[in-house]
Amino acid sequence: MIAALVFVACVAAAGTNAQMNRHLQMTDGYSETFATHRGDFEDRGCNHPLTDTAKFSATSFYGTGKEGQQAKFDSISQEAWSPLQSDHNQFLLIDLQEAKHVLGIMTAGRPNTQHYTQNYSLDYGETLDQMISYTDELNYVKIFEGNNDSISFQRNDFSHPIVARFVRIIPRRWNGMIGLRVELFGCDYATDVVSFDGQSYVKIDLTPMPIIAVAERTHFRFKTVKSEGLMLYSHGFQGDIFVVQMAKSRLLLTIGLGENKMRTVRCGSALDDGMWHSLSVVREERRVEVRLDGVSQLVILEYGYYKMNLDSAYYVGGIDNLQKPFVIARQNFEGCFERLWLNNTNVIFQMKSLERVLPTRFDRVGNIYYSCPDYRLDVLTFTSNDAFLRLPSLVEQNTMNISFCFRTYDSRGLLLVKDLVDYGFVKVERFL
């Protein structure tokens, strides 16, 4: 999947270095507009009710006055959503009509009854076929505390904000029968995107203005269907290094603060699923926090200096020579970046604005588009050892071609078998 961090200068026309210094947002401090943790959003007023124009639906409803739409908070209505059967197969779906930043959720039960939801989990996504579960810091499905009665309100704030158009709420425990009213909190979502085709990249010249800082914060979202790809690469003449890449469907961050001493952090798995993933990297001197999809890792760099010193070039999306030190990926990145920020520099916006007026600073190689294609995979998941798929017989032919990709944690298993018309069979098995 994708990943990247970036630096960019912001200047009007062919400005002088002094003009560039005024616009370049590379400082030892942090950006006031950078948003990774919920406090950054709240400081910007991102805490508004989101469901005024939303559409509510549900798996079922008990009767009149208990439809999914009754889950919307209303100062007049005394109703709530209740399904036909109160069991673990029921859920409430909220369609916000467009992607939003979502920071929190508030729930309540059905007034004047003993029907309320005591805890629940939720899924979210920008499309219905690409929804994922909200997880805790250990990457387990998060179980939210709900209500203890039918009249009080229970708010839960997310430790890591999400971007979603669709939110699915799944009751896990309830009193009497499921009764649920819901409000979501957050703000509008605006974004800049860029896509690379596996051959293209942008080279940002740092020699006029190197990156020298004791701290920086970087945030971006990415998606890809490729298991390998170099997303970002930069190094300094004193041995500083910063590399973000995909290898074997995992994200690798390599960072070092000089003397050619570095540390590699491996994050996530199965990131080549064509879905958006969120990465932030926060460094304060030798302390580095890496957060991928809400799961954090803390790394202490044991060697080097306290400042990052990158004074040659910054590559976004790939590089001209994959034989560079610390590059494991065998190809450049193919996929999309979104909201690529370094401190308070919006990198993609600056790339769009300055690549023509400063072509010597922003060397664009290959096909780069400021839009994101719809990466979709046709995927089948077999959830048990006795699950299988039987396809209709093929038209009789003298040859047979089969190709597929697979991912499993099992050390062995039958992947495919086909009986031949006259005699024999073809069998594909996995052994370790």
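Residues are numbered from 1 along each chain as its sequence is written, and side-chain values use heavy atoms, with hydrogens and water left out. Because the model is predicted, local features need pLDDT of at least 70 and side-chain atom pairs count only at pLDDT 80 or more, while totals for chains, interfaces and linings use all residues.

Rings of Phe, Tyr and Trp (its six-membered ring) were taken to pair if their centres lie within 6.5 Å, with planes under 30 degrees apart counted as stacked, over 60 as edge-to-face and the rest as tilted. By this rule there are 10 aromatic pairs. In one of them, the ring centres of phenylalanine 196 and phenylalanine 337 are 5.3 Å apart and the planes stand at 55°, so the pair is tilted. This pair links distant parts of the chain, since phenylalanine 196 belongs to strand β9 (residues 193–197) and phenylalanine 337 to strand β22 (residues 334–342), 141 residues apart; strands are DSSP runs of E with at least two residues, and helices are runs of H or I with at least four, numbered from the N terminus. Phenylalanine 196 is buried at 3% relative accessibility, and phenylalanine 337 is buried at 0%, where buried means under 20% relative accessible area, exposed over 50% and partly exposed in between (1.4 Å probe, protein chains only). The rings of phenylalanine 220 and phenylalanine 222, with centres 6.1 Å apart and planes at 45°, also form a tilted pair.

One aromatic cluster is formed by Tyr120, Tyr124, Tyr134, Phe144 and Phe158. Over the face of phenylalanine 144 lies lysine 142, 5.8 Å from the ring centre, a charge being counted as over a ring if NZ of Lys or CZ of Arg is within 6 Å of the ring centre and within 35 degrees of the ring normal.

In helix α3 (residues 347–354), the buried residues include Val347, Ile348, Gln350, Met351 and Leu354. The buried residues of α3 pack against β9, β10 (201–205), β22, β23 (345–346) and β24 (362–365), with contact meaning heavy atoms within 4.5 Å.

Lysine 100, found in strand β3 (residues 92–108), counts as buried at 10% relative accessibility. Its side chain makes a polar contact of 2.5 Å with the side chain of aspartate 188 and another of 3.3 Å with that of glutamate 98, a polar contact being a pair of N or O atoms within 3.5 Å in which, within protein, one must be able to donate a hydrogen and the other to accept it, and residues adjacent in sequence count only if both atoms are side-chain atoms.
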